[in-house]
Each structure stands twice: as structure tokens, then as C-alpha cells.
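Subject: The structure for you to look at

Hi there,

Here is the structure I promised to pass on.

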Amino acid sequence: MADFLFFLFSALTVLSAFLVTVSRNAVNGAMFMILSFVGMACLFLLLEAYFLAALQVLVYAGAVMVLFLFIVMLLDADKARSVRPDRLTIVAATVGGLMLISGLAYVTFGPSAAPSTELPAITEMPQNATAENIPFTTASRSFGYGLFTKYMLPFQVTGFLLLIAMIGVIVLSKKIDASGDEPAKQKVAKS
Amino acid sequence: MDSLLLDIVIKVIFALLFVAVIMSLAAYSVLGERKVASWIQGRVGPNRTALPGISAIPVLGPQLVKLGIWQPLADGVKFLFKEDPLPGHVNKLYYCLAPCIALVPALTTMVVLPVGQYMDGDVVKPIILANVDIGILFILAFGSLGVYGIVIGGWAANSKYPYFGGIRSSAQMISYELAMGMSILPVLIWANGPNSGLAGLSLFNIVESQQGMWLGVWMPIPAFIFLVSLYAETNRLPFDMPESETELVGGFHTEYGSFKFGLFFVGEYAHMVIGSAVFTILFLGGWNFLPDFGIESLHWLSDPWALMPNWLGGPLSVIYFIGKTLFFVFLFMWVRWTLPRFRYDQVMTLGWKYLVPGALICVVAYAIIIGLWDIAFAIDQTPAIVE
């Protein structure tokens, strides 16, 4: 049963991810992307990572894709003309893609591939957890525990990166003239 | 194999029961809405619809008719048998898909909603379809998918006003989701803090942690922020931007008729009922009878259901919970017929400039308060996952 579900949801995820790239209508693409995210959340569920599954739906399907859809609809992207890539781009993309696939195949199946390790036992609740030894659990509490002990530094750095990106977007999207001020806007009715 | 089959059959029956109760609550809150509206406006409201057989009963029948109790049935039949037009200019696939997308997430969230409790020996257990660790996240996640019904519906209708409705709702929902998620954090800190077990984010744990005091009483600001965000998420007045019939005709469902409109309509009310239930669980102690202030001898006050036999305590706790929930459904209606609609820029200002910073301040403040409480009173009882 679990095997069957795994293949079902993998097929759903991969197929809809593929359809994102080939669909001409931008809204169709966005909808397939949501489907792909939901499929991935189902795969997380099969791995007993319920917390990750919920976050996948909440953050990506629920929030990020709404913004995508918002932009797609607002700009009416259907009417944008499709640009045909020139020959050099096609050749470069093909070569790059093939190299990526063969590299992945080599790493996975080649002589130097990492041996597949045994799956760790999954417990309901960590009992003897220390910062070095965090067991695999289904409880969301253990995610928090891991984030605030062993992975504290990466966690903080990631947060800092997001902050930088956010400030960068604000700076780039705000038009500032030579004197360093914002250009005077047209008068808008006061709210 | 037989026991497995029996297990599945029992679960299906439970699930159908849940669906039946929530759907009839949704249907009858439509009637409730019309009755409350007429009450507030000094009218009578629906009082004519009658079933031939039952309404002929001498005294009871006319009384039921006067209450309008058959009106939802008539409405449902009307939605089913009206002509179902498919306008020529719409995107057919998404036009038909949107009502389903609007209804399904609202109903899916009921899976993790505990509605009462029963005793299994000495252990208190929730009456729930799936008691998962991530309850509240599950509800937030599927609640956030509800916006697609409106956005896709507005876009697929392919005309100006529905389009405006869809665009407005996507911006509004993202804004208020943020405030909503953050206003829950103090509740979760408390539920996993000083006085409870290791039950993570499950809603049952949150109810159990409120036996001493309902969180809405000493966390009024997060409760208020959550309530306001809930109104915005369910698109109810004063936040019904996607619909706002004075500016946008009917908003996102202008082009919809018949049963497709009925699905949107029922979806909105189901969302409302479940939202009220979640508010009751988070801030009003769920099915706890009254707060017992943490005094051991007063424990019967917060949890009288545990003292009764299961056949009595279980149903009573569910009924008490539904009663609390219905009060908030009533509050939804009261607000709708009392407050005027916000302007769109006011909606955005309120969301981003007041609710989000307010929720952030609340998180920090309550984290400090609960931390101090933890140090002062409960440090030796605090469950630790580190030995």
C-alpha cells in the first residue's frame, strides 16, 4: 500500500512539475505547480514528516502560490508574447541538462556512490535527545528542538539571508533620485 | 481482516456523521443569518415555507413554519433544480472547478477538529476524527487553500467585477493570514509550556491546557486579533471585499448561478462554523465548562464531563462545545448587520499597520510572561525532552 501510494504521489509530483514547464497558459502553470507542491506534501506524509507536510502546504501552496497567481492575473500574462529562444540557448540548455542528468546518475549509481544506509527508527517522542544525537521523530516539537540546538547557526544565517533579500527588494523597487530622496509623487487623495 | 474492515466502516460512519452535523449547521446558519438580520432590522424574516405533512400538525406545525425551519430545505432544492447556466465567455474548466475548491478545504479542516471528550478508563480522550500532532497547522494550511476558490472563480468568470473581487481577496487573505498565524503563537507557547504534557500542536492539548483559565480572558489582544483575522479570512463583513455588492455587483460570484453559487454559499458558512469552532478551542476553553483557576478541589467545575458516565458526559461535552461555537456564529451575524464595510485601503492599513505589529508585540510579551511564570511556579513540573 505504501509503495503504491509512493509511486502514485511521485508520479503526480513529477508529472505536474513537468507540465508547469510546458504549459503555455501561465495560470495553468501556476495550478500545476500547486498540484506538484501538494504531491510533495503527500510524499512527506508517507515519510511520517507531518510537520514538514503541513508547512509545505501552508507556506508554498497556501501563501507563495497565491502571490504568484496574483501577479499572473494582475499582469494578464496570457497576452505576453512567447519568446522563441535562439539556437545557441537551445544547444547550451540541452548540453547542460544532459550533463546534469549524467552527473546525477553517476553519483547515484556509479562506483563511488554512497552506500544506502539503513532507515533510522522513527519514534513518537524523543526521550534521550542531546544536541549531538537528535533522533528521528514524528513530533513537531523535535523540529524546534533541533533548530534551536544543533542547527542554531544555520537557522540564524538563513533568517539573516532572508532579511537581506527583503531589504534588497525594497531598495531596488523604490526609485531614488540623484539627491538621495524619493521623487515627489503625484498627489493622491488622502486615505 | 475483519477487524480492519470494521475499523474502516466505523471511521467512515464517524466521518459521515461529522459532515452531516457541520453541513446542517452551515445550512441552518443561513437561516439564522436571515432571522438575525430581520430581527436587527425589525422585520419577521422567513416564516412561510411549509412542509405539507408535518406543518399540518395542530399547534407545533404552524410554530415551526413561523420559525422558518423548512426554509433551508427549500433553498437547497431551489439551488439544485434551477437552470445551471454556463456563460459563453468563461474559462469552462476553472469556472466549474472553483466552487469545489472553495468548499473542499473548508470541510477538510473538520478532520482535526476535536469536538468533545470521553473517558477511556482514567484517561481523557478527544472525540475527533484524526488526533494528529499538527492539528492547528493543518487547519491553517487547509484554510489558506480556500482562497483559490475565490481567486480562480473570479478569474475564470472573465469579466471585470469578478476579476476585481478575485484580486482583492488574494491580497486580503495573504495579509490577514500572517496576523492570524502570529496571534496563535502565545496560545501555543502556553499550551506547551508550564502546565501540560508533550502533545505538541494538537488542538486537544490546547483545550486541556485551558482548564485553569480560558486563554481569551488573559490573552484578550491575541484573541481579538485572531477574531478580526477570522472575519477577514472568511470574507465576512466588515471585510467582504471580494463580494462587496455595492461596488462589484456580486464580486467573485457575479457570473455564477444555481448550484455552483450554492457551493460558494455553503462553503462560506461552513468556513464560518469551523472558524468559530477553532476560536472556541483556542481562546474559550473548548468544551471546558467553566475555568477552575488551577484549584484542585474545583476541578469538577472545568471538567464535569469526566465525572459522568461516558454515554452522558461525551454527548454533553459536544453539545456544550457546539453551544459555544454557535454563539460565535451569532457574533459573525451580529457584526455583519451592525458594522459598515471598510474601504479597501482601510482593510490593508488595519492588517499591516495594526494587526501584524500588534500580534508581534503580543508574541514577545506573552513569551516573557509565560517564561517568568514557568520559572516562578512550574519549573520542576515542566516536561523536558532532554534528560
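Below is what was found in it, starting with a few conventions.

This is a predicted model, where local features need pLDDT of at least 70, side-chain atom pairs count only at pLDDT 80 or more, and totals for chains, interfaces and linings use all residues. Residues are numbered from 1 along each chain as its sequence is written, chains are lettered from A and ligands numbered from 1 in the order in which they are written, and side-chain values use heavy atoms, with hydrogens and water left out.

Cavities and pockets come from a 1 Å grid over the protein atoms alone: a cavity is a set of points where a 1.4 Å probe fits but cannot get out, a pocket is an open set with protein on both sides within 12 Å along at least five of seven lines, and lining residues have an atom within 4 Å of a point. Volumes are the space filled by probe spheres set on the points, which are joined across faces, edges and corners.

The second largest pocket holds about 1000 Å³ of space. Its lining has 48 residues, and those nearest the centre are B:V30, B:G262, B:F265, B:V266 and B:Y269. Helix α12 of chain B gives the largest share of that lining, 11 residues. (Helices are DSSP runs of H or I with at least four residues, strands are runs of E with at least two, and both are numbered from the N terminus.) By class, the pocket lining has 26 nonpolar, 10 polar and 12 charged residues; here Ala, Val, Leu, Ile, Met, Phe, Trp, Tyr, Cys and Pro count as nonpolar, Asp, Glu, Lys and Arg as charged, and the others, Gly among them, as polar.

There are two cavities of 30 Å³ or more. The largest cavity has a volume of about 210 Å³. It is lined by 18 residues, with B:I139, B:G143, B:M180, B:L230 and B:H271 closest to its centre. Most of any element comes from α5(B), which supplies five residues. The second largest cavity has about 30 Å³ of space, and its lining includes B:W305 and B:P309. No charged residues are found in that lining, which has five nonpolar and four polar ones.

**Salt bridges**

Across all chains there are seven salt bridges, each a side-chain nitrogen of Lys or Arg within 4 Å of a carboxyl oxygen of Asp or Glu. In one of them, B:R236 pairs with B:E33, with the closest N and O atoms 2.8 Å apart. B:R236 sits in the loop between α10 and α11 of chain B and B:E33 in helix α1, 203 residues apart. B:R236 is buried at 1% relative accessibility, and B:E33 is buried at 3% (buried means under 20% relative accessible area, exposed over 50%, partly exposed in between, with a 1.4 Å probe and protein chains only).

B:E33 also meets B:R336 in a salt bridge of 3.6 Å, N to O. Since B:R336 lies in helix α14 and B:E33 in helix α1 of chain B, this pair ties together parts that are 303 residues apart in sequence. B:R336 is partly exposed, at 23%.

Another salt bridge joins B:R34 and B:D75 (3.5 Å, N to O), linking helices α1 and α3 of chain B. B:R34 is partly exposed at 35%, whereas B:D75 is buried at 16%. Through shared partners, B:E33, B:R236, B:E268 and B:R336 form one network of salt bridges.

Happy browsing!
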